[in-house]
Amino acid sequence: MAAGTGTDEAALGYEQARDELIEVVRRLEAGGTSLEESLALWERGEELAKVCRRRLEGARARLDASLAAERAAEEADGDGDGDE
C-alpha cells in the first residue's frame, strides 16, 4: 500500500482507509522496519484513522437526520403515538 497525501485522503472511502490502516498496523506490529519508516507508518496510520472517524461521523449524522425526518413525518401525519 502506497502512502497517500492530504489530497488523496478526501478521495478515500471508509473501506479503503480502513483496509490501509489495517495494513499499517500489521506492518508496525510485525516490526523489522527502521525507526524512520515506523514513524512514517505511524503518521500515515493517524491520518487514516482520522479519515475513518470523519466518514463514520458523517454517516452517523446522515442516519440521525434521516431518523429525525422520519419522526417528523410521522408526527405530521398524526401517527406520533407510537407503534404499540
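From the N terminus on, the elements of this protein run α-α-α. This is a predicted model, with three helices and zero strands. Of the 84 residues in the protein, 15% are buried. If you take the contacts between residues at least 6 apart in sequence, 66% of them join residues at least 24 apart.

Now to H3. This helix covers residues 35–76, which is 42 residues. From its first C-alpha to its last, H3 reaches 61 Å, and that is close to the 62 Å expected at 1.5 Å a residue. Which residues of H3 are buried? They are Ser38, Leu41, Arg44, Gly45, Leu48, Val51 and Cys52. Just after H3 comes Gly78, with a positive phi of about 80 degrees.

Next, the packing of H3 with H2. In general, two packed helices are described by the angle between their axes and the distance between the axes. Here H2, residues 14–30, packs on H3 at an angle of about 150 degrees, and the axes are 9 Å apart. An angle over 145 degrees counts as roughly antiparallel, so H2 and H3 are roughly antiparallel to each other. The crossing of H2 past H3 is left-handed.

Who makes the contact? On the H2 side the residues are Tyr14, Ala17, Arg18, Glu20, Leu21, Val24, Arg27 and Leu28. On the H3 side they are Glu37, Ser38, Leu41, Trp42, Arg44, Gly45, Leu48, Ala49, Val51, Cys52, Arg55 and Leu56. By type, the residues of this contact divide into twelve nonpolar, two polar and six charged.

Is Tyr14 buried or partly exposed? Its relative accessible area is 27%, so Tyr14 is partly exposed; the buried class stops under 20%. Leaving aside neighbours within four places in sequence, Tyr14 is in contact with Cys52, Arg55 and Leu56. Of these, Cys52 is among the buried residues of H3. Tyr14 and Val51 are 37 residues apart in sequence, while their C-alpha atoms are 7.2 Å apart in space.

The other slide is on Glu20, also found in helix H2. Why does Glu20 count as buried? Its relative accessibility is 7%, and buried means under 20%. Glu20 and Gly45 are 25 residues apart in sequence and 8.2 Å apart in space, again C-alpha to C-alpha. Gly45 is itself one of the buried residues of H3, and both Glu20 and Gly45 belong to the contact between H2 and H3.

That is the end of the slides.

Terms used
Residues are numbered from 1 along each chain as its sequence is written. This is a predicted model: local features need pLDDT of at least 70, side-chain atom pairs count only at pLDDT 80 or more; totals for chains, interfaces and linings use all residues. Side-chain values use heavy atoms; hydrogens and water are left out. Helices (H or I, at least four residues) and strands (E, at least two) are DSSP runs, numbered from the N terminus. The expected span of a helix is 1.5 Å times one less than its number of residues. Buried means under 20% relative accessible area, exposed over 50%, partly exposed in between (1.4 Å probe, protein chains only). Axes are lines fitted to C-alpha atoms, for helices over the stretch in contact, and angles run from 0 to 180 degrees between N-to-C directions. Angles under 35 degrees count as roughly parallel, over 145 as roughly antiparallel, 65 to 115 as roughly perpendicular and the rest as oblique. A crossing is left-handed if the near helix is turned anticlockwise from the far one by less than a right angle, and right-handed if clockwise. Contact means heavy atoms within 4.5 Å. Ala, Val, Leu, Ile, Met, Phe, Trp, Tyr, Cys and Pro count as nonpolar, Asp, Glu, Lys and Arg as charged, and the others, Gly among them, as polar.
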